[in-house]
Amino acid sequence: MTGKGHFFKTVNSLPQMASSGSVVRPYDFDSDGDLDLFVAGRLDPGKYPFPATSTLLRNDSSKDKVLFTDVTNKLAPEFNKLGLITDAVWTDVTGE
């Protein structure tokens, strides 16, 4: 989006994700001023009812390019095969 109500198509802005997601929840988890994303995995095609992979995407966008980077393995490896998620919410449990 240009900021003036005009949208444009981008390519390669998101990494390849094999799980079917249920919800996406935005939150600035790295405190850099832009919204990052948690993509909750609902199922891995052909593998139901085994736990699906959820993905943590860091917003690495610039003024000219939209880009989200998968940082799941680095920051939240426990999200791999997290479960069959139907909803999610961000909350600050430490108060930091």
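**Entry 1: K81 and D44.** I looked up K81 in this predicted model and found that K81 forms a salt bridge with D44. Their closest N and O atoms are 2.8 Å apart. I then checked where the two residues sit. K81 is in the segment after α1, and D44 is in the loop between β2 (36-43) and β3 (55-59). They are 37 residues apart, and the pair links distant parts of the chain.

Is each partner buried or exposed, or something in between? K81 has a relative accessible area of 44%, so I noted K81 as partly exposed. D44 has 7% relative accessibility and counts as buried, because buried means under 20%.

**Entry 2: R25 and D87.** Next I looked at R25, whose side chain meets that of D87 in a salt bridge, 2.5 Å from N to O. R25 lies in strand β1 (residues 20-27), while D87 lies in the segment after α1 (72-75). The pair therefore ties together parts that are 62 residues apart in sequence. I also looked up the accessibility of R25: at 27%, R25 counts as partly exposed.

**Entry 3: R58 and D60.** I found another salt bridge between the side chains of R58 and D60, with 2.8 Å from N to O. R58 is partly exposed at 24% relative accessibility. D60 is also partly exposed, at 29%.

**Entry 4: the count.** How many salt bridges are there? I counted three. As a reminder to myself, side chains of opposite charge can pair when their charged atoms come close. For the count, I took a side-chain nitrogen of Lys or Arg within 4 Å of a carboxyl oxygen of Asp or Glu.

Notes: Residues numbered from 1 in each chain as written. Predicted model: local features only at pLDDT ≥ 70, side-chain atom pairs only at ≥ 80, totals over all residues. Heavy atoms only, no water. Helix = DSSP H or I, 4+ residues; strand = E, 2+ residues; numbered from the N terminus. Buried < 20%, exposed > 50% of the residue type's maximum accessible area, 1.4 Å probe, protein only.
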